[in-house]
Amino acid sequence: MSIQLQRHLKLINDKLRELQNLSIGAFMDAMKAFKELNQDLAAEVRDRSVIIEEKSQSIEDNVFETIARRQPVAKDLRELATYLQTAHHLYRIGRYAYKIAHIVRLCEGMEHFKELISLPHLADLAKQTIEIAMKGILDKDLSKIDELEKLEAISDKETSDMFEEITEYLRVRNDITTMAMFYVIVGRYCERAADHAFSIAERAVYMVKGKRVKLGLAYKGQAGRAPH
Amino acid sequence: MLKNGESESILYRLYALSGLKDALKSRRHFSDYIFKVILGLVIIIIVSPFFLILFQVAGVGFWQVFGTGPGQGLEFLFTFPGAGLEGGIRNAFVGTVELIVVASAVGIPLSVCGAIYINEYTRPGHVRGIVEFTSDVLAGIPSIVFGAFGFVFLVDFLHIGMGIIAGSLTLAFMMIPTILRTTQEALRAVPMSLREASLALGATKWSTTWNVTLRAAFPGVITGFLLAIGRVMGETAPLIFTAGNSLIVPTELAGPGSWIASMPYTIWAYISDPREYLQVKAHGTALALMIMVLAIDLIANLISRKVTRRLV
Amino acid sequence: MPEYEHNIEVHGLSTWFGKKHILKDITCYFRDNTVTAIMGPSGCGKSTLLRTLNRLNDLVPSFRRKGEVLFKGTDIYGVGTSVYDLRKHIGMVFQKPNPFPMSVFDNVTYGPKLHGVKDEDELNKIVETSLRKAALWDEVKDELQSPAPNLSGGQQQRLCIARALSVDPPVLLMDEPVSALDPISAAKIEELIIELKQDYTIILVTHNVQQAFRVSDQAAFLYLGELVEFDETKRILEAPADSRTEAFITGRIG
């Protein structure tokens with residue numbers, strides 16, 4: 001294989017690793033800021049979104065350059081295309097971090113009405129999912145992919161439970177409506193992040209094996225009443 | 001070194017131009033110079049016989065061929081010698097032409113077909129090797145041997161008798177090895193892909209050979225043929241015992257009426273004769289013959305140069 | 001309703017040159033009106049396979065063959081088939097442009113004349129049609145009598161294509177048709193090949209993987225005489241089934 005092509009791919013791989021750290025970091029910090037209603041942290045997270053956008057664009061530029069210069073095929077082509085899509089998914093996850101941080105700003109002056117358990121759990125699940133998926137992408141290691149199905153099921157259940165819980169609260173009280181809505185929205189972002197992670201994982205399988213698969217079907221039955 | 005105000009003298013310029021100035025710079029320069037000088041001398045030695053012959057022949061025979069007086073110029077070529085050999089050399093001139101024509105008519109088809117067969121229809125192997133070897137040997141056999149063979153085989157054994165037939169056939173035998181080899185080389189130079197292209201269109205082997213290969217090799221074949229003629233035109237030895245001699249042109253194909261003169265033979269005969277005017281005629285004939293051969297070689301040269309452009 | 005499915009099919013073909021086993025049990029079908037690229041590292045037998053299809057290998061005395069090559073359902077090596085007739089139906093373009101040392105006009109009429117076309121009008125028509133199909137007409141239409149070797153390399157190759165098309169063969173074989181040309185002429189001819197497939201079935205040998213991807217609908221990968229993979233080009237360039245194919249097209253072998 002051409003050394004040049006190897007270099008190009010390695011460069012993009014490294015950048016993707018950085019983007020992964022940036023996105024996950026921003027997302028987790030945004031969740032932390034929400035949990036603590038920490039305005040400074042939230043502001044800092046919002047600033048980071050610029051860097052994340054730049055990074056993902058730079059990856060995109062690198063991919064185009066590689067395609068034009070090296071004309072890769074088969075495995076190399078799949079790898080390159082996968083990097084491009086993964087960068088986009090990670091960028092979206094970074095955007096959710098921004099949006100969550102924005103919600104924190106909107107929460108200025110407000111307080112939580114309950115202890116947050118589901119949301120941090122959901123965030124953590126999302127993080128795990130992303131990490132497993134990215135391991136498949138960056139190291140071509142598909143060994144943990146099966147766990148994703150389990151994580152999805154847990155995540156589904158958690159969202160479902162949280163939805164019911166909030167509905168219960170709203171039935172009883174009417175002064176926490178705004179906050180409750182924010183919980184639902186933030187929960188949504190967590191679920192979306194996990195969804196993106198799933199897509200990344202599916203791409204990883206395609207990249208390595210050349211076949212397109214749909215993940216997450218095994219536990220679909222237990223989705224429950226979660227609205228997604 | 002030129003000092004200010006000093007102009008170059010002619011001697012100095014010559015000294016510089018001749019290369020001596022550079023030659024004396026170092027030992028390497030000097031030996032290089034000496035070598036160039038030696039090579040130059042060698043060239044002069046090689047080329048001089050041509051000019052010496054030309055001057056000798058033209059010196060005596062020039063006016064015979066190019067003059068406008070009685071018995072000179074075209075009259076010289078187109079008048080029969082007549083009594084006392086005081087006329088022209090029409091017998092020899094026409095004789096040479098006729099001999100060449102008949103020899104070619106026999107020799108060319110045989111050689112070309114032979115070359116085609118060897119190159120296109122046989123595989124490289126023993127048969128081909130033997131034929132090529134025999135050809136090469138024949139091409140180098142002295143012309144007198146051909147003459148002797150012609151006499152013994154054609155004149156005597158086959159009872160053809162001396163004359164135009166025996167003479168031309170002997171010349172043909174001399175031409176065949178040369179033309180065969182040059183034709184074969186010309187055919188070999190035609191790239192295989194040309195034949196394949198023709199075959200790929202559905203042509204038969206013969207069609208391919210005739211329409212494509214031979215056409216592509218044509219200039220080379222012509223050149224070979226012309227060079228063979230140029231050589232054979234000037235041969236005396238093969239004709240001494242096979243062509244007889246005549247003061248007129250042949251009137252029949254066999255018997256004494258078929259005896260034929262030729263220019264080289266005439267030169268030989270006239271030079272050996274003590275009469276002064278025959279010396280002049282001999283030189284004239286020699287000059288005419290040289291011009292004819294030169295012309296043929298020039299044409300061959302022209303054709304072969306056009307080849308490289310057409311086959312590119 | 002034709003009894004055969006494809007114009008050209010190969011069944012269990014193995015070939016030898018003397019003791020050397022070149023092609024090993026090849027079976028494949030070349031779909032009509034498509035471009036099939038045969039690719040592989042040098043020496044793998046691609047040209048041999050191509051030349052077996054129009055019996056050009058018959059010229060080599062040590063050539064032996066087992067298996068069948070079917071043209072329109074009939075084995076071209078069968079008893080009683082005419083090689084000269086066959087080659088009218090399967091044309092060939094070679095790697096180095098090889099125009100005959102005649103005029104452009106004579107080059108294109110060489111084939112038709114061989115097969116009996118004598119009428120002058122018809123010959124003129126064939127010349128124009130063939131040269132148009134080869135995208136050469138506009139460049140030479142005023143100089144049809146000029147010697148073909150005077151054309152540029154790219155023009156000469158297009159002339160060779162026109163010449164091959166002059167007898168209207170349903171199948172056209174091309175042995176690395178552009179590898180001896182400059183990139184611009186090569187690109188023009190690649191575009192031409194894609195155009196031509198509407199009317200002809202084209203089988204193309206190439207050692208240039210990118211060219212195979214640019215030009216072909218199907219691709220065959222030949223490695224050490226074996227047909228390793230034969231599939232739609234789209235599939236092969238995205239995810240080849242055999243690891244040897246993948247190694248070759250990504251440049252790790254050959």
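In the predicted model, helix α5 of chain B (residues 90–121) has 32 residues and should span 46 Å at 1.5 Å a residue, which agrees with the 45 Å between its end C-alpha atoms. The expected span is 1.5 Å times one less than the number of residues. Helices (H or I, at least four residues) and strands (E, at least two) are DSSP runs numbered from the N terminus. A kink of about 30° is centred on Ser104(B) in α5(B), the bend at a residue being the angle between axes fitted to the seven residues ending there and the seven starting there.

Because the model is predicted, local features need pLDDT of at least 70 and side-chain atom pairs count only at pLDDT 80 or more, while totals for chains, interfaces and linings use all residues. Residues are numbered from 1 along each chain as its sequence is written, and chains are lettered from A and ligands numbered from 1 in the order in which they are written.

Chain C contains 10 helices and 10 strands. Its radius of gyration is 18 Å, close to the 18 Å given by the globule rule for 254 residues, so chain C is as compact as a globular protein of that length. The radius is taken over C-alpha atoms, and the rule is 2.2 Å times the number of residues to the power 0.38. Along the principal axes, the C-alpha atoms of chain C fill a box of roughly 55 × 45 × 40 Å. Of the 254 residues in chain C, 46% are buried (20 or more other C-beta atoms within 10 Å of the residue's own; exposed, 12 or fewer; partly exposed, in between; C-beta atoms placed from the backbone).

The largest nonpolar core has 196 residues, of which Ala30(A), Ala97(A), Ile100(A), Ile38(C) and Leu204(C) touch the most other members. Such a core is a set of buried Ala, Val, Leu, Ile, Met, Phe, Trp, Tyr and Cys residues joined through C-beta atoms within 7 Å. Leaving aside residues up to four places away in sequence, Ala30(A) touches Ala42(A), Val45(A), Ala97(A), Ile100(A) and Ala101(A), contact requiring C-beta atoms, placed from the backbone, within 7 Å. Glu44(A), in helix α2 (residues 39–70) of chain A, is partly exposed, with 15 other C-beta atoms within 10 Å. The C-alpha atoms of Glu44(A) and Ala101(A) are separated by 8.8 Å.

No contact joins chains A and B, and their closest C-alpha atoms lie 34 Å apart.

Notes: Two residues are in contact if their C-beta atoms, placed from the backbone, lie within 7 Å.
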